[in-house]
Amino acid sequence: MLTGKMYVITSPELVNVVNRNSRVLAFNPFIAQLGKRITGHDEATSQIVQHNLNGEQGPGYVTEIHDKTVAALADPNNIENITSTMLGRIQTYLDQAEQKTDFDLFAWLRHAMTRCSTTAIYGPENPLAKDGENLAAAFWDFDERLNLLIVNVLPSILAPSGNRARTRLGAAFQEYFQHYVPGQSVSSAMTLKRHMINTEYGITPWNAGRLEVGVLLGILANIIPTIFYTLIHIYYDQHLLRRIRDELEATSVKSDPDGRSRTLRVLTLREKCHLLHATFKEVLRHHALGSSVRYVREDFLLDGRYLLRKGMVVQMPMAVLHSDRGAWGEDANIFRPERFLQPDPDDMGKGSRQAFASAFRPFGGGTSLCPGRHVATLETMALAAMMVLRFDLEPSDGSLSIPAQKQESLATNVFPPGKDVRVRVLKRDARVRLQWKFSMD
């Protein structure tokens, strides 16, 4: 499947047809095979994962994991709990940033978010937070060498450090799940559901640890570059920065009567901070460059015109769709958040509303739409909002620029920057001793 012929679809209209035919053009068979190469779980577990992949004979492991994850991450209470825990943890890093003279922005975000985001998912026993720098560094070593692991040819020889990192991560999460007690262990609802399904299907602790290595990619690999590029684009454009600050002050900031503290009201961001939300979407349009992939389960005539042969792979590259001038207009190569503020199709380009929606795929589409998109959106907007409210960022040397991305992983959509940006952090009003807080209202 991973080495056969491939069909590449770049038309938003045809992408929409693919979305409507998920039974024939399926995501699960592809991810089941790719997942084994990513995590290195054993053959017995692979058989459990690949059985009844599309749920046509009742529940299967993959369909249950997907459905329970979607349900857990669509529940507003769970979204708020995860986001609140992450923001509570990252507050310490924001306070420490006031004391720094300058730092590499992407490295700082990666250090903070690796620990804070995973603690929000796995609770206080989170292996990546308990093991200091070592296990977090192992994850990023694994991520950087993932393409070699996916090739799956002598990984211990051709990708030795990535293979060692995967082994260490798997062992750490094996221990985590061996001590996990439903109803007693503190974690997100998603982790509880995964543990229950693994137990139900007879997944051994060793393999549960290995499978969780793949989950870490979903938690960390895309959101950190997304936050980085959101901040870079906002601070790069001083006019956009002023407008977003004005919007936040008008809709989402509450000052205490004593004037000593201010609170960012996180749950107002998506509903009331339209420009910030539009900026987040435009960042994804420019920087989500991965591909959506489907497996052709049987011969299929796409849109009544194109014959897709059984056993082939369909690829829908985000980089092409996100720059389609028919959907986005002649200024598709320009960073312009305002395009997401306009409901009028005339402002979206020459295409219809449907084409506009089909051309925007940072979270995938159809039945494989990313279940964590609500959490990722809220966390990115909240952290970006707090940064722009509290700090000015200046380049340590020269002028601020937006670095090009480097492709590190076939399993990632938002690639990291090829070069970090060193910045100087300045409190917006150094004369005032002000405490900033997050609140989930």
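Visitor: What do the buried residues of α3 pack against?

Guide: They pack against α2 (28-39), α4 (61-74) and α13 (205-221). Keep in mind that this is a predicted model.

Visitor: OK, and which residues of α3 are buried?

Guide: Helix α3 covers residues 43-50, and Thr45, Ser46 and Val49 are buried in it. Looking down the axis of α3, you'd find its buried residues within an arc of 105°, so they line one face of the helix.

Visitor: What caps the N-terminal end of α3?

Guide: That's aspartate 42. One of its side-chain oxygens lies 3.3 Å from the backbone nitrogen of alanine 44. Past the other end, just after α3, asparagine 52 has a positive phi of about 50°.

Visitor: Which other residues have a positive phi although they aren't glycines?

Guide: Asparagine 152 is one, with a phi of about 60°. You'll find asparagine 152 in the loop between α9 (146-151) and α10 (155-158). Aspartate 303 is another, at about 55°, and aspartate 303 sits in the loop between β7 (300-302) and β8 (306-308).

Visitor: How accessible are those two?

Guide: Asparagine 152 has a relative accessible area of 43%, so it is partly exposed. Aspartate 303 comes out at 39%, so that residue counts as partly exposed too.

Visitor: Which strands does β5 pair with?

Guide: One partner is β4 (residues 253-255), which pairs with β5 in the antiparallel sense over 3 bridges. There, valine 253 stands opposite leucine 264. Another partner is β12 (residues 435-439), which runs parallel to β5 and is joined to it by 5 bridges. In that pairing, arginine 262 faces tryptophan 436.

Visitor: How many residues are between β4 and β5?

Guide: There are 5, and the two strands form a hairpin. In the turn, glycine 259 has a positive phi of about 75°.

Visitor: What about β11, which strands pair with that one?

Guide: β11 (residues 422-427) is joined to β3 (residues 102-104) by 3 bridges, and the two run antiparallel. Aspartate 104 has arginine 422 as its bridge partner there. β10 (residues 391-395) also pairs with β11 in the antiparallel sense, over 5 bridges, with proline 395 opposite valine 423.

Visitor: And the open sheet of 4 strands, what's its order?

Guide: The order is β1-β9-β6-β2, and the pairing is mixed. β1 (6-8) and β2 (25-26) are at the edges with a single partner strand each, so one side of each has no neighbour in the sheet. For β2, 2 bridges pair it with β6 (residues 291-296) in the antiparallel sense, and alanine 26 stands opposite tyrosine 295.

Visitor: New topic: where is histidine 287, and is it buried or exposed?

Guide: Histidine 287 is in helix α17. Its relative accessibility is 8%, so histidine 287 counts as buried.

Visitor: What does histidine 287 touch?

Guide: Leaving out residues up to four places away in sequence, histidine 287 touches Tyr229, His233, Ile402, Gln405, Asn413, Val414 and Phe415. With glutamine 405 there's a polar contact of 2.9 Å between the side chains.

Methods: Residues are numbered from 1 along each chain as its sequence is written. This is a predicted model: local features need pLDDT of at least 70, side-chain atom pairs count only at pLDDT 80 or more; totals for chains, interfaces and linings use all residues. Side-chain values use heavy atoms; hydrogens and water are left out. Two strands pair if DSSP finds at least two bridges between them. Buried means under 20% relative accessible area, exposed over 50%, partly exposed in between (1.4 Å probe, protein chains only). The arc is that of the directions from the helix axis to the C-beta atoms. Contact means heavy atoms within 4.5 Å. A polar contact is a pair of N or O atoms within 3.5 Å; within protein, one must be able to donate a hydrogen and the other to accept it, and residues adjacent in sequence count only if both atoms are side-chain atoms.
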